[in-house]
Amino acid sequence: GGKKKADDGKKRILDEFDHDINSKHEGQSGKIHVEVSKQSGKITCVVTSTVPGQLWMHWGFAQRDTGWYSPPEKFLPPDTKKIDDKASQSPFKDGKITVTV
C-alpha cells in the first residue's frame, strides 16, 4: 500500500483560473478569479470579482452518481440563500466569496 503524504500545513494551489463576465442585472463587465487551494486537510475556494455592483454566485456541490445538490449549511458563506435542493446563492462581500470544506 502507498503511504499518505504528510500534511505540513502549507497552502497548496490546486487550481486557479480567470473568466471574463458581463453582469446582465448590473450592465457591467469585469473578471472573476477562482483559486482552489488545500491547507491542513481543508479545501478552500476563493472567488473574487472586479465587476462593480452587487453580485451573487449561484452554486452547488455535485456527485458523479447523483448530480447536483445544495451545499450543507455548515459550508455556506454568510447571507447565502438556499434556492432549492440543488443550489444556493451567495452574495459577494467586498468583491469576494470564500468556501471551505
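I began with Trp59, whose side chain makes a polar contact with the side chain of Ser90 at 2.8 Å; a polar contact here is a pair of N or O atoms within 3.5 Å, where within protein one must be able to donate a hydrogen and the other to accept it, and residues adjacent in sequence count only if both atoms are side-chain atoms. I noted that this is a predicted model, in which local features need pLDDT of at least 70 and side-chain atom pairs count only at pLDDT 80 or more, while totals for chains, interfaces and linings use all residues. Residues are numbered from 1 along each chain as its sequence is written, and side-chain values use heavy atoms, with hydrogens and water left out.

I then looked up where Trp59 sits, and found it in strand β4; strands (E, at least two residues) are DSSP runs, numbered from the N terminus. Trp59 is buried, with a relative accessible area of 11%, where buried means under 20% relative accessible area, exposed over 50%, and partly exposed in between (1.4 Å probe, protein chains only). Leaving out residues up to four places away in sequence, I found that Trp59 touches several others, including Pro71, Phe75, Lys86, Ala87 and Val99, contact meaning heavy atoms within 4.5 Å. Trp59 and Ala87 are 28 residues apart in sequence, yet 5.4 Å apart in space, C-alpha to C-alpha.

Next I turned to the sheet around β4. Three strands form an open sheet in the order β4-β8-β7, with antiparallel pairing; two strands pair if DSSP finds at least two bridges between them. β4 and β7 (81–82) stand at the edges with a single partner strand each, so one side of each is left without a neighbour in the sheet. I counted four bridges between β4 and β8 (residues 88–91), and the partner of Trp56 in β8 is Pro91.

Which residues make up the largest nonpolar core? I listed 12: Ile32, Val34, Val47, Val51, Leu55, Met57, Trp59, Phe61, Phe75, Phe92, Ile97 and Val99. Such a core is a set of buried Ala, Val, Leu, Ile, Met, Phe, Trp, Tyr and Cys residues joined through side-chain atoms within 4.5 Å. β2 (28–39), β4 (56–59) and β9 (96–100) each supply at least two residues of this core.

β9 runs antiparallel to strand β3 (residues 42–49), to which five bridges join it, and Thr44 has Thr100 as its bridge partner in β9.

Last, I looked up the salt bridges, of which the structure holds three; each is a side-chain nitrogen of Lys or Arg within 4 Å of a carboxyl oxygen of Asp or Glu. Lys11 and Glu35 meet in one of them at 2.9 Å, N to O. Lys11 lies in the segment before β1 (12–23) and Glu35 in strand β2, so the pair ties together parts that are 24 residues apart in sequence. Lys11 is partly exposed at 47%, whereas Glu35 is buried at 17%. Lys31 forms another with Asp20, the closest N and O atoms being 2.5 Å apart, and Asp79 meets Lys93 at 2.6 Å, N to O.
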